[in-house]
Amino acid sequence: FYLQQNALSPSESCLKSVWHNRLYLYSAAALVFGIWFSLKVAQKKKRFSDDPKAGKSNDSFADTLSHVSAVKIFYGSQTGTAKGFAVELSEAVKKSGVPAEVIDIKDYDPDDQLADECTNKSVCVFLLATYTDGQPTENAEWFCKWLQEASTDFRYGKTFLKGLRYAVFGLGNSVYVGHYNTVGTNVDKWLWMLSAVRVMTRGEGDCNVVKSRNGSVQADFVAWKVKFLMRLQALVEGEKKSCSGNCKTGGSRKSQRSDGQKEEEEEEEEEEEEEKENNNSSEADPVESSSDEEESGPGAGKKSGSVIDMEDLGNIMSRAKRAKVRSSGQGDQSQMVKLSKVNGVKTIEDEGERREMITPALREALTKQGYKLIGSHSGVKLCRWTKSMLRGRGGCYKHTFYGIESHRCMETTPSLACANKCVFCWRHHTNPVGTEWRWKMDPAEKILQDATEKHQSMIRQFRGVPGVQPERYEEGLAVRHCALSLVGEPIMYPEINAFIRLLHCRRVSSFLVTNAQFPEEIRSLVPVTQLYVSVDASTKDSLKKIDRPLFKDFWPRFLDSLRALGEKRQRTVYRLTLVKAWNVEEMQSYSELIALGQPDFIEVKGVTYCGESAASSLTMANVPWHQEVVSFVQQLADMLPQYEIACEHEHSNCLLLAHTKFKVDGEWWTWIDYERFQDLVQVQEENGGQRGFSALDYMAKTPGWALFGAHEQGFDPADTRFQRRNKTKDISGC
């Protein structure tokens, strides 16, 4: 056998040698093939870079992906802002040569139609507002509910919307820290979970002018719109970003850019990171985006499920370090104005760096409503009762209850901002909201001077008007009362005490209304002629439903504000607004709140219907009849042994409950001796606050016509009642 093996032919020996060394041969062949393939690829890349048009024309798939047949703009809006943005974006898209369609999202059936958008080469844009408690607007409720369920329903599958190209712009207010732009964020996330592809980074518009990156929600939208139109044009022209192969959404975080462009984009990303931190929105996008303007930052990895490429980690950490250095360097200058117990508060932050409360869009809206705006955060407006009393047609309920001369009353506010968004707000929520003072601040002297001049200017317009009484016209030019109840929360103004002192120096009485969300500011308030607290509901749930407060701890603040009111020695008032079917059944709870604050007076008024508003579901059905208000007050009085019904103003659908200490020898003394009050304030100021005074020190006797049960029902017999017929009722006034 051994001899037979040695007798192999040369060819057999060669084959045997090849077989034994086959691994080396395979390796050599693979090496040669690899070198050949690499050369071919390099040559192809060189040809493509030399002639990009040829490369583009050969890439039919890229043309198909980048082509845009139309842009469909969906809006979810409560007050009409998002709808207006949709129309504006549609016009801009059409001007660029691309067909556009604006769609109310409530009229769109996503179950039947949304999947079609994956194949018809359209781009879907979603402009979505966030409403109360982070919920969608009424017209977007069904779409959001369907999309949320579809994103987790195995029957649809994770690729149900594969091929759908979309962009999202959310509208919100960063004052609502826990719910800021949640609807836009969620829709963006749910679309991605169904394999839809972003064409650009989600935009966020902020109604809070302090934290808004561009100064207002309108400016935020304009900035986002410009970026969207640029991205859309790129898609139309067939441009396609290069992709390293790691892109999750078909786009790329990398592109071939010059060093200068990279630095600029890095700066943009850093600014966006800072803005996110300022907006208390550290939640990262759930996936990588195909946009050049992707907001990456140190918060991007905090959320579970986020994806960060290892090669991007170094850049992210570098930007985080630079942002930290900048923030630490500016830490001493980042303080904003806080509400203060003292006058003349100055802040560390440079006044010029803060933004104005009144944006151009807000200024336009308030001006249309008849406001005379003052400086950057104040306003004045002529009350309907001022006009009425100038003509001898009767005064407001304050004239009946407290002896105010309505034609000499100036209705103003040093702060248009408010901490609530009440359903019955008769300003239709055009004013800004906030929980602390973070805007530019005008001095109290300028506000009062300008308010007085503008008020007098409005009074002068009645000179020579038929029916205006000459003596009342002359009296009206001399302001004697100031109702700080026009709109907003006057007590938010850091120099409110200085403003009140200036009023009293001019011997102008002060009637200040607060919404019971700033207890410490109530405690620190200097004496006012009469201090009001709005008690719009008596339970936590109903207060949240009616007032829609911004503070998370609104109920403890509310209760503490009532306690603070009880500590005041001057005249105090609870103002109850009855909303039929909302808060008229809470009798026992109201009596408990009254026991907590022990106010001198309780005004009970039926809600005034201010017309249809998208921001409120209030209708005429929620307005109680006067007899229903009377019945409520009578039942409430029966539960309060220290209070009785004192006055009535039927024309305003309002009654007054007064503490029995104002009933002297069987006669009511609810009116105010205004000259006596000014003398008492002056004495207290001269004595450095050592000599105080109480509400009983400046009361005056109430006339018989103002009392409850009188046949005049609160209408001054010195005037002539005027009945409007077939005319729209003027519902403006305090």
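Modeller: With a term: a crossing of two helices is left-handed if the near helix is turned anticlockwise from the far one by less than a right angle. In this predicted model, α8 passes α9 in a left-handed crossing.

Colleague: How is a pair of packed helices described in general?

Modeller: Two packed helices are described by the angle between their axes and by the distance between the axes. Here, helix α8 (residues 141–152) and helix α9 (residues 182–193) have axes that come within 9 Å and cross at roughly 40°. That angle makes α8 oblique to α9.

Colleague: Which residues of α8 and α9 meet?

Modeller: From α8 there are C144, L147, Q148, S151 and T152, and they meet V183, V187, W190, L191 and M193 of α9. By class, this contact has seven nonpolar residues, three polar ones and no charged ones.

Colleague: And how do I read a pair of aromatic rings?

Modeller: Such a pair is described by the distance of the centres and the angle of the planes. The whole structure holds 28 aromatic pairs. In one of them, F74 with F126, the ring centres are 5.1 Å apart and the planes stand at 15°, so the pair is stacked. F74 lies in strand β1 (residues 70–76) and F126 in strand β3 (residues 122–129), 52 residues apart, and the pair thus links distant parts of the chain.

Colleague: Where does pLDDT stay under 50?

Modeller: One stretch is residues 52–66, with 15 contacts beyond four places in sequence. Another is residues 327–351, with 42 such contacts. The chain averages a pLDDT of 79, and 75% of the residues score at least 70.

Conventions. Residues numbered from 1 in each chain as written. Predicted model: local features only at pLDDT ≥ 70, side-chain atom pairs only at ≥ 80, totals over all residues. Heavy atoms only, no water. pLDDT = per-residue confidence, 0-100. Contact = heavy atoms within 4.5 Å. Axes fitted to C-alpha atoms, helices over the stretch in contact; angles between N-to-C directions. Helix = DSSP H or I, 4+ residues; strand = E, 2+ residues; numbered from the N terminus. Parallel < 35°, antiparallel > 145°, perpendicular 65-115°, else oblique. Nonpolar A, V, L, I, M, F, W, Y, C, P; charged D, E, K, R; others polar. Phe/Tyr/Trp six-rings, centres within 6.5 Å; stacked < 30°, edge-to-face > 60°.
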